[in-house]
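This report covers charged contacts, strand pairing and overall composition. The sequence and the coordinates come first.

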Amino acid sequence: MKVTFGEAALAAVCNSKHRMVRRWGLDGFEYIGRRLLELTAAANLDQVAALPGAALTRGEEDHVMIRFDRDRVVIRAELVLDPRRGGAGATLGSDGLHIVTLEVRPRARTR
């Protein structure tokens, strides 16, 4: 899937190791970077839903929410569909995700 961002500031952070490390730490950079790479490697929403630790919720129209690892990362996005497909089944073979928000919560500390 092609992954794009709704805000230039979010795109700038997610496309820069330095900015991601500064915002979320090295652990956050590695974790979020891996999750974004997994999204780009997925061919469709079925594959996104099958990612380890992922939970996908379909909303109205072409909106989706993807939660990773018990809400450690929550992505709200819009599907970007190939206009050549058309029809009701088009959302199953979506060509991209347009990320509107990306929330990151720190990893829970264990004792």
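Arg76 and Glu103 form a salt bridge, with 2.5 Å between the closest N and O atoms. A salt bridge here is a side-chain nitrogen of Lys or Arg within 4 Å of a carboxyl oxygen of Asp or Glu. Arg76 lies in strand E4 and Glu103 in strand E5 (residues 96-104), so the pair ties together parts that are 27 residues apart in sequence. Arg76 is partly exposed at a relative accessible area of 31%, and Glu103 is partly exposed at 29%. Buried means under 20% relative accessible area, exposed over 50%, and partly exposed in between (1.4 Å probe, protein chains only).

## Basis of the values

The model is predicted: local features need pLDDT of at least 70, side-chain atom pairs count only at pLDDT 80 or more, and totals for chains, interfaces and linings use all residues. Residues are numbered from 1 along each chain as its sequence is written, and side-chain values use heavy atoms, with hydrogens and water left out.

## Elements and strand pairing

The protein chain has three helices and five strands, and from the N terminus on they run β-α-α-α-β-β-β-β. Helices (H or I, at least four residues) and strands (E, at least two) are DSSP runs, numbered from the N terminus.

Strands E4 and E5 pair in the antiparallel sense over eight bridges. Glu103, the salt-bridge partner of Arg76, is also the bridge partner of Val74 in this strand pairing. Strand E1 (residues 2-5) pairs with E5 as well, in the parallel sense over four bridges; there, Lys2 has Gly96 of E5 as its bridge partner. Two strands pair if DSSP finds at least two bridges between them.

## Arg72 and its surroundings

Which residue does Arg72 meet in a salt bridge? The partner is Asp27, at 3.1 Å from N to O. Arg72 lies in the loop between strand E3 (63-68) and strand E4 (73-80) and Asp27 in helix H2 (residues 17-41), so the pair ties together parts that are 45 residues apart in sequence. Arg72 is buried, with a relative accessible area of 15%, whereas Asp27 is partly exposed at 35%.

Arg72 also lies over the face of Tyr31, at 4.0 Å from the ring centre. The rule for a charge over a ring asks for NZ of Lys or CZ of Arg within 6 Å of the ring centre and within 35 degrees of the ring normal.

## Other salt bridges

The total under the salt-bridge rule is seven. Asp71 and Arg67 form one of them, at 2.9 Å from N to O. Asp71 is partly exposed at 29% relative accessibility, and Arg67 is partly exposed at 30%. Arg34, Arg35, Glu38 and Asp69 are linked in a network of salt bridges.

## Chain totals

Of the 111 residues in the protein chain, 39% are buried. The accessible surface of the chain comes to about 6,900 Å², and 52% of this belongs to carbon and sulfur atoms. These areas come from the Shrake-Rupley method with a 1.4 Å probe; for residues, only the protein chains shown count as cover.

Among the contacts in the protein chain with a separation of 6 or more, 45% are between residues 24 or more positions apart. Contact means heavy atoms within 4.5 Å.
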